[in-house]
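Dear colleague,

Please find the structure below, followed by my notes on what was found in it.

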Amino acid sequence: MTDAPIRFLLHPSPVGDVLIAGTDAGLVTLHPLRDPLGQEQERLSRALHTVLEHVDDDPRLTTAARQLDEYFGGERHDFDLELDWRLVRGFTRAALEAVRGIPYGETAGYGDVAVLAGSPRAARAVGTACATTPFSIVVPVHRVVRADGSLGEYGGHPEVKEYLVEFERATLARETGRAAGE
């Protein structure tokens, strides 16, 4: 038996097309495509035991797309979206919830996030949580860095992580410059 179809849309962004999928309960996933769309759909359909249905007019999905546009336009620092955590289990959720507390334009180490998530010795598990998150950008795993301060990977695309971190820092610098010039 399968659940109700998961609605999805593909949204362009400066880091490539972003897959946004959800239900009435919230977003199930939001991340830049790592593989061709067909492979992503198949993987997600298997994980969710249901089919994906393409839509262009679902209010929850279009709100997420609008908020992504605002983020990439430098107008939004935090996302106000309901998340459906059905693809996240155990400590991974605690780690991702902790990641949500990292301020815009800043970074934190995997060990720091482990402490925030209540398991100080679980830095590697934080790395796994970040690598497997279904929620990139809106849960800012790009803000989690190695102990030496280097950026590390980002789902096999370290250039995307570097872009997001530098984008946020540049946006903050512009905002600080505007505030100082007022």
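Strands S1 and S2 form a hairpin that leaves six residues between them, and in this turn Gly-16 has a positive phi of about 105°. The model is a predicted one, in which local features need pLDDT of at least 70 and side-chain atom pairs count only at pLDDT 80 or more, while totals for chains, interfaces and linings use all residues. Residues are numbered from 1 along each chain as its sequence is written, and side-chain values use heavy atoms, with hydrogens and water left out.

Helices (H or I, at least four residues) and strands (E, at least two) are DSSP runs, numbered from the N terminus, and two strands pair if DSSP finds at least two bridges between them. S1 (residues 6-11) runs antiparallel to S2 and is joined to S2 by five bridges, with Arg-7 standing opposite Gly-22. On to the next pairing: six bridges join S2 to the antiparallel strand S3 (residues 26-32), where Gly-26 is the bridge partner of Thr-23, and this hairpin has two residues between its strands.

In S2 (residues 18-23), six of six residues are buried, meaning under 20% relative accessible area with a 1.4 Å probe and protein chains only. Val-18, Ile-20 and Gly-22 cover one side, and Leu-19, Ala-21 and Thr-23 the other.

In helix H3 (residues 91-99), the buried residues are Thr-92, Ala-95, Leu-96, Ala-98 and Val-99. They lie on the same side of H3 because they cover an arc of only 155° around the axis, taken from the directions from the helix axis to the C-beta atoms. These residues pack against helix H4 (110-116), helix H5 (123-132) and strand S6 (144-145), where contact means heavy atoms within 4.5 Å.

Best wishes

Technical notes:
Buried means under 20% relative accessible area, exposed over 50%, partly exposed in between (1.4 Å probe, protein chains only).
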